[in-house]
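Please consult the sequence and the structure while reading it.

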Amino acid sequence: MAAAAASCLTLPCKSKPFSPSSSLSNASSRRAGFALRRSPAATSLAFASSLSLTAFPEGVGFLSAVEKPRAPPLRRPAVVCEAAPKKYDSAEKRARQAEKRRIYNKARKSEIRTRMKKVLEALDVLRKKSEAQAEEILPIEKLIADAYSAIDKAVQVGTLHGNTGARRKSKLARRKKAVEIHHGWYIPAASAA
């Protein structure tokens, strides 16, 4: 390569005066493979191309490949990357299972909220009644039992944490006890003594 470069430096060169505004002739632009008449920057490139053509006629020197149109260089096969990493089969299965459980748990939690709301509304109605009888709490106790059952099932299957279930059951029991105390159906042990 060094010998080729050294021989290139010793070749005779016919230089032309350079002017940026001069345009290339059609013959030289055809030989260069492109027409550059649009911008001053393109003119300077055309000058370099025409200079190399005069200094190195076709087939002489290592710059002869520049003038000849050639095929694009061979490339290695491109690696196509996906935007997100591919999930493994086990991860896809876990995602499906999680979605099923989410829907199942959502239904259970909704049922618990509905049952608790019914109990609390019934207790509020009973508390506002001025002449309520002790027997009127029996249907509410049935609603409380249904709510307890739903809460216990949710805790058992893991929809609710155990402490959350206990807190919700306690809320219902305290509200019922408050209504009983309000009407005088229940007297706490501390005030009886």
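A polar contact is a pair of N or O atoms within 3.5 Å; within protein, one atom must be able to donate a hydrogen and the other to accept it, and residues adjacent in sequence count only if both atoms are side-chain atoms. The model is predicted, so local features need pLDDT of at least 70 and side-chain atom pairs count only at pLDDT 80 or more, while totals for chains, interfaces and linings use all residues. Residues are numbered from 1 along each chain as its sequence is written, and side-chain values use heavy atoms, with hydrogens and water left out.

Q: With the side chain of which residue does the side chain of glutamate 136 make a polar contact?
A: Glutamate 136 is found in the loop between H5 and H6. Contact means heavy atoms within 4.5 Å, and, not counting residues up to four places away in sequence, glutamate 136 touches Leu126, Lys129 and Glu131. The side-chain polar contact, at 2.9 Å, is with lysine 129.

Q: Is glutamate 136 buried or exposed, or in between?
A: Buried means under 20% relative accessible area, exposed means over 50%, and partly exposed lies in between (1.4 Å probe, protein chains only). The relative accessibility of glutamate 136 is 25%, and therefore this residue counts as partly exposed.

Q: How many helices does the protein have?
A: Helices (H or I, at least four residues) and strands (E, at least two) are DSSP runs, numbered from the N terminus. Along the sequence the pattern reads α-α-α-α-α-α-α-α. The protein has 0 strands, and its number of helices is 8.

Q: What share of the residues of the protein counts as buried?
A: Residues 24 or more positions apart account for 64% of the contacts with a separation of 6 or more. Of the 193 residues of the protein, the share that counts as buried is 21%.

Q: What is the relative orientation of H5 and H6?
A: Axes are lines fitted to C-alpha atoms, for helices over the stretch in contact, and angles run from 0 to 180 degrees between N-to-C directions. Angles under 35 degrees count as roughly parallel, over 145 as roughly antiparallel, 65 to 115 as roughly perpendicular and the rest as oblique. H5 (residues 89–128) and H6 (residues 138–157) have axes 9 Å apart and pack at an angle of about 155°. H5 is therefore, relative to H6, roughly antiparallel.

Q: How many charged residues are there in the contact of H5 with H6?
A: Ala, Val, Leu, Ile, Met, Phe, Trp, Tyr, Cys and Pro count as nonpolar, Asp, Glu, Lys and Arg as charged, and the others, Gly among them, as polar. H5 contributes residues including Tyr104, Arg108 and Glu111, and H6 contributes residues including Ile140, Leu143 and Asp146. The residues of this contact comprise 15 nonpolar and no polar ones, and the number of charged ones is 6.

Q: What is the relative orientation of H6 and H7?
A: H6 and H7 (residues 162–183) pack at an angle of about 170°, and their axes are 9 Å apart. The two helices are therefore, relative to each other, roughly antiparallel.

Q: Which residues does lysine 169 touch, not counting residues up to four places away in sequence?
A: Lysine 169 has its place in helix H7. With a relative accessible area of 24%, lysine 169 is partly exposed. The residues touched by lysine 169, apart from those up to four places away, are Tyr148, Ile151 and Asp152.

Q: Is glutamate 180 buried or exposed?
A: Glutamate 180 also belongs to helix H7. Leaving aside neighbours within four places in sequence, glutamate 180 is in contact with Ile137, Glu141, Trp185 and Tyr186. Because its relative accessibility is 13%, glutamate 180 counts as buried.

Q: What is the relative orientation of H5 and H7?
A: The axes of H5 and H7 come within 10 Å and cross at roughly 10°. H5 is therefore, relative to H7, roughly parallel.
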